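This briefing concerns the structure shown below.

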Amino acid sequence: MKYMLLIYNNAATMAAMSEEERTAIFGAVDDIMGELTESGELVGGEALADPSNTKTVRVRDGVPATTDGPFAESKEQFAGYLMVECETPDRAVEIAARWPDASRWAMEVRPVMSADGLEM
Amino acid sequence: MTGATRVEDLLRGLAPQVLGTLVRRHGQFDACEDAVQEALLAAALQWPQEGLPANPHAWLITVASRRLTDQWRSESARRGREDVAAAQEPPGAQVAPAPGDDAARGDDEDDTLTLLFLCCHPALSGASQVALTLRAVGGLGTAEIARAFLVPEATMAQRISRAKQQIKSSTIPFEQPAGDEHGERLGAVLHVLYVIFNEGYTASSGADLHRADLTAEAMRLTREVRRRLPADGEVAGLLALMLLTDARRPARTDADGALVPLAEQDRTRWHRPSIDEGTAIVTEALSQAPLGPYQLQAAIAAIHDEARSAQDTDWPQIVRLYGLLERLAPNPMVTLNQAVAIAMVDGPRAGLARLAALQDDGRLAEHHRLAAVRAHLLEQAGDIAAARDAYRAAARGTTSLAEQRYLDARADRLR
């Protein structure tokens with residue numbers, strides 16, 4: 001079963017951290033990524049640029065409108081994701097709990113839909 | 001095209017025999033497996049161009065052995081002078097074969113089975129068992145396996161190499177388990193083959209041919225096992241179950257790829273030769289071997305496949321077979337399926353009563369398939385509002401786009 005682990009954090013708080021704190025976070029991330037790669041559970045993942053680079057696109061009546069933002073500096077924002085394939089949902093939760101952002105902000109664990117299906 | 005296909009079929013059949021021979025000679029499953037993959041690749045490129053060698057098996061052994069020697073040489077060069085002496089001898093002590101062992105055992109046939117036991121060893125994770133079985137026994141390349149399982153090639157390569165490392169570090173011997181362990185380990189092998197089959201069977205048709213090919217591969221490997229263990233009722237039962245299930249594949253989705261429930265399938269599209277073969281196999285097994293879960297599931301599938309319509313189906317017999325299955329291998333999914341059959345015999349309310357036990361049981365309480373069966377039975381019972389809610393709950397719970405589409409469509413019809 002594939003799960004997407006959505007990483008939420010606050011970029012402003014992250015930026016205000018000390019160099020040591022950030023290094024510790026990156027170290028923890030490297031450790032988990034290494035473990036997931038080695039176990040064959042890692043399917044993919046990306047980190048997103050700072051929320052200030054966000055553009056929102058809406059098409060209404062066939063007309064696209066692009067605006068900058070939203071920037072909610074005080075809020076937790078979607079910052080990146082991991083895609084894993086695990087034997088159990090508990091394992092996906094366990095991975096999320098070890099991700100450093102879970103200790104300060106939050107991780108969401110979402111099962112991924114597949115095209116496969118069984119007739120009923 | 002046909003030439004290349006023939007070469008591919010030949011190679012896939014030879015792959016486990018060649019690997020088995022090498023592992024018995026040299027030990028070092030992981031290194032041998034790499035060498036065999038390289039030899040298979042070389043053959044796949046050369047043979048269609050240059051024609052088959054006089055003895056394909058010997059050709060592969062020679063090429064793979066050369067790769068193995070090259071590998072040991074480069075390793076010993078890398079490791080430096082102090083290790084050279086040790087590295088010149090293939091370090092195969094962990095699975096040391098007796099000299100002349102090849103001749104004594106006589107057949108490469110057993111090697112395929114021994115390899116399957118190794119690849120499905122309980123020390124490996126489920127995902128690794130599946131990946132290693134398809135590569136080492138099925139002779140598939142890592143890229144093909146990755147494509148079939150919809151993961152990046154690097155992920156699949158890692159699963160395979162990890163599995164090989166685990167085999168290496170746990171020094172699992174290259175031999176078939178004996179005594180009581182044989183039955184247990186054979187059960188693990190059959191389970192892996194069934195998982196591979198289901199991966200292919202549930203693949204949405206058309207969109208994903210690579211995944212669908214997994215059913216053919218699972219059936220091919222199960223046939224190989226059966227050829228070596230013809231008296232085993234569960235091996236026969238699994239092959240029959242696969243044949244009888246796969247026979248319905250042409251009718252399980254409509255022209256748009258939407259799922260069609262068993263009761264509404266166009267049975268003229270079922271594959272008759274598979275039904276005949278599967279029925280014959282399970283009938284023979286049931287009369288000659290001790291009863292087992294795969295045989296019972298195959299027997300149930302045979303009853304469905306032989307009925308001209310859902311109404312014509314021998315439902316009382318299916319209820320009895322699920323009852324036996326529940327005693328032999330208790331599982332909430334069995335109860336769920338039995339409830340459907342009970343509803344056909346005694347009416348939807350009787351089926352719903354059977355489901356009540358599952359709701360209390362907890363293991364399946366949140367499962368979308370329980371909600372889906374409840375929805376069907378509620379609809380049959382005329383409780384339209386409750387049926388609609390149950391279909392919606394099932395649609396929310398599933399992680400299958402095809403099932404969600406079906407369930408939402410059912411709910412929409414009850415508006």
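A nonpolar core is a set of buried Ala, Val, Leu, Ile, Met, Phe, Trp, Tyr and Cys residues joined through C-beta atoms within 7 Å. In this predicted model, the largest such core has 130 residues, of which A:V84, B:V36, B:A64 and B:A240 touch the most other members.

**Core**

- Leaving aside residues up to four places away in sequence, B:A64 touches B:V18, B:L22, B:A35, B:V36 and B:A39.
- One of these partners, B:V36, is itself among the core residues that touch the most other members.

**Chain A**

- Chain A contains four helices and six strands, arranged along the sequence as β-α-α-β-β-β-β-α-α-β.
- With a radius of gyration of 17 Å, against the 14 Å that the globule rule gives for 120 residues, chain A is more spread out than a compact globule.
- Along the principal axes, the C-alpha atoms of chain A fill a box of roughly 50 × 40 × 20 Å.
- Of the 120 residues in chain A, 18% count as buried.
- Contacts in chain A between residues at least 6 apart in sequence join residues at least 24 apart in 79% of cases.

**Contact between chains A and B**

- Chain A contributes 18 residues to the contact and chain B contributes 27 residues.
- On the side of chain A that touches chain B, α2 (19–39) and β2 (42–47) of chain A each supply at least two residues.
- That side of chain A comprises seven nonpolar, six polar and five charged residues.

**Helix α18 of chain B**

- Helix α18 of chain B spans residues 368–380, and its 13 residues reach 18 Å from first C-alpha to last, close to the 18 Å expected at 1.5 Å a residue.
- The helix α18(B) is mostly covered, with eleven of its 13 residues buried.
- The buried residues of α18(B) include the charged residues B:R374 and B:E379, as well as B:H368 and B:H376.
- Among the elements that cover the buried residues of α18(B) are α16 (332–346), α17 (348–361), α19 (384–397) and α20 (401–413) of chain B.
- After α18(B) comes B:G382, which has a positive phi near 85 degrees.

**Confidence**

- The model scores ipTM 0.85 and pTM 0.88.
- Chain B has an average pLDDT of 88, and 91% of the residues score at least 70.
- In chain B, the pLDDT is below 50 over residues 84–106, a stretch with 28 contacts in the model beyond near neighbours in sequence.

Key:
Residues numbered from 1 in each chain as written. Chains lettered and ligands numbered in written order. Predicted model: local features only at pLDDT ≥ 70, side-chain atom pairs only at ≥ 80, totals over all residues. Contact = placed C-beta atoms within 7 Å. Expected span 1.5 Å × (residues − 1). Buried ≥ 20, exposed ≤ 12 C-beta atoms within 10 Å, placed from the backbone. pLDDT = per-residue confidence, 0-100. Rg over C-alpha atoms; globule rule 2.2 N^0.38 Å.
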